[in-house]
Amino acid sequence: GLPPYHRRVGMVQELLRMVRQGRREEAGTLLQHLRQDLGMESTSLDDVLYRYASFRNLVDPITHDLIISLARYIHCPKPEGDALGAMEKLCRQLTYHLSPHSQWRRHRGLGKRKPQACLKAVLAGSPLDNTVDLSGIPLTSRDLERVTSYLQRCGDQVDSVELGFTGLTDDMVLQLLPALSTLPRLTTLALNGNRLTRALLRDLTEALKDPSKFPSVTWIDLGNNVDIFSLPQPFLLSLRKRSPKQGHLPTILELGEGPGSGEEAREGTQEDPGGGPLAPAEDHSKSREPVAVAQT
């Protein structure tokens, strides 16, 4: 079947159609289904709207910020301002965040190439900006052998590895794990938008418990996968030990209880001058206390 992000993007697009047609009640029901698909079902709508819950350990705070903002517009409409325009903006941002966006390939002249040609081009030279960016390129187990060889050859130059929306399964990540975990400079690893499950968290957490593995990693993006909605505390604490000066990893030890804990929800990503959404300016999961859903 299709990876989860296909279904989620379709739900966002249908939600926007309902809002445009004035079918607010149906849109609210669909938003509830989307929340459930993203692992927010353990928190009531009132908690989402008014923050009565304690929010913590979220794997994808940006998506949840956008969902919360959408819920407020749909369920608590205000007469002032252009509510429809605001909701359209949120839906555009959410669609962008939940789907592949390979702008880098257009910049590098790879936009019209076939996936195998793109992969070959990326693995041909030194990592551009110290990043191995394979996002949006469908990968096979045989492709991963080439990626592994490349990481072993150029690993000292790699700060970031982008593997979002590449069709990875748990077994495929485990195939890459030995090469990834020994990269001395790797700080961020993006595994979002794939077919990964909670079972993989056990292997990643065990790897992070070993200080010699992922020695420089400060964040692993696991958002928009099958059923990974929150991160285990040992996983987050292991990351904290690798970046003690960061101070803002979303562990439950940092967050207060009850109303008022956490910032007000933002409207999510920025927009470029042409009106299209841009990627977030920073990794919010590392830089601030996230809006997350308590697992109860």
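A search of the whole structure, which is a predicted model, finds one aromatic pair. The rings of tyrosine 5 and phenylalanine 165 have centres 4.9 Å apart and planes at 90 degrees, so the pair counts as edge-to-face. The protein chain has twelve helices and four strands. Of its 296 residues, 52% count as buried.

**The aromatic pair**

- Tyrosine 5 belongs to helix α1 (residues 4–20), and phenylalanine 165 to the loop between β2 (160–162) and α9, so the pair ties together parts that are 160 residues apart in sequence.
- Tyrosine 5 has a relative accessibility of 13%, and because the cut-off for buried is under 20%, this residue counts as buried.
- Phenylalanine 165, at 9% relative accessibility, also counts as buried.

**Contacts along the chain**

- Among contacts in the protein chain between residues at least 6 apart in sequence, 77% join residues at least 24 apart.

**Packing of α9 and α10**

- Two packed helices are described by the angle between their axes and by the distance between those axes.
- For helix α9 (residues 170–181) and helix α10 (residues 199–209), the angle is about 15 degrees and the axes are 10 Å apart.
- Angles under 35 degrees count as roughly parallel, and α9 and α10 are therefore roughly parallel to each other.
- The crossing of these two helices, α9 and α10, is left-handed.
- On the α9 side the contact is made by Asp170, Val173, Leu174 and Leu177.
- On the α10 side the contact is made by Ala199, Leu200, Asp203 and Leu204.
- By class, the residues in the contact of α9 with α10 comprise six nonpolar, no polar and two charged.

- Aspartate 210 is placed in the loop between α10 and β4 (219–221).
- With 28% relative accessibility, aspartate 210 counts as partly exposed.
- Aspartate 210 and serine 181 are 29 residues apart along the chain, and their C-alpha atoms are separated by 9.9 Å.

**The loop between α7 and β1**

- Leucine 123 lies in the loop between α7 (115–122) and β1 (131–133).
- The relative accessible area of leucine 123 is 9%, so this residue is buried.
- Leaving aside residues up to four places away in sequence, leucine 123 touches Arg146, Val147, Tyr150 and Arg153.
- The C-alpha atoms of leucine 123 and cysteine 154 are separated by 9.7 Å, with the two residues 31 apart along the chain.
- Asparagine 130 also lies in the loop between α7 and β1.
- Asparagine 130 has a relative accessible area of 27% and is therefore partly exposed.

- Asparagine 130 has a phi near 60 degrees, a positive value in a residue other than glycine.
- Asparagine 224 has a positive phi of about 60 degrees, although this residue is not a glycine.
- Asparagine 224 is found in the loop between β4 and α11 (233–242).
- The relative accessibility of asparagine 224 is 7%, so this residue counts as buried.

Terms used. Residues are numbered from 1 along each chain as its sequence is written. This is a predicted model: local features need pLDDT of at least 70, side-chain atom pairs count only at pLDDT 80 or more; totals for chains, interfaces and linings use all residues. Side-chain values use heavy atoms; hydrogens and water are left out. Axes are lines fitted to C-alpha atoms, for helices over the stretch in contact, and angles run from 0 to 180 degrees between N-to-C directions. Angles under 35 degrees count as roughly parallel, over 145 as roughly antiparallel, 65 to 115 as roughly perpendicular and the rest as oblique. A crossing is left-handed if the near helix is turned anticlockwise from the far one by less than a right angle, and right-handed if clockwise. Contact means heavy atoms within 4.5 Å. Ala, Val, Leu, Ile, Met, Phe, Trp, Tyr, Cys and Pro count as nonpolar, Asp, Glu, Lys and Arg as charged, and the others, Gly among them, as polar. Rings of Phe, Tyr and Trp (its six-membered ring) pair if their centres lie within 6.5 Å; planes under 30 degrees apart count as stacked, over 60 as edge-to-face and the rest as tilted. Buried means under 20% relative accessible area, exposed over 50%, partly exposed in between (1.4 Å probe, protein chains only).
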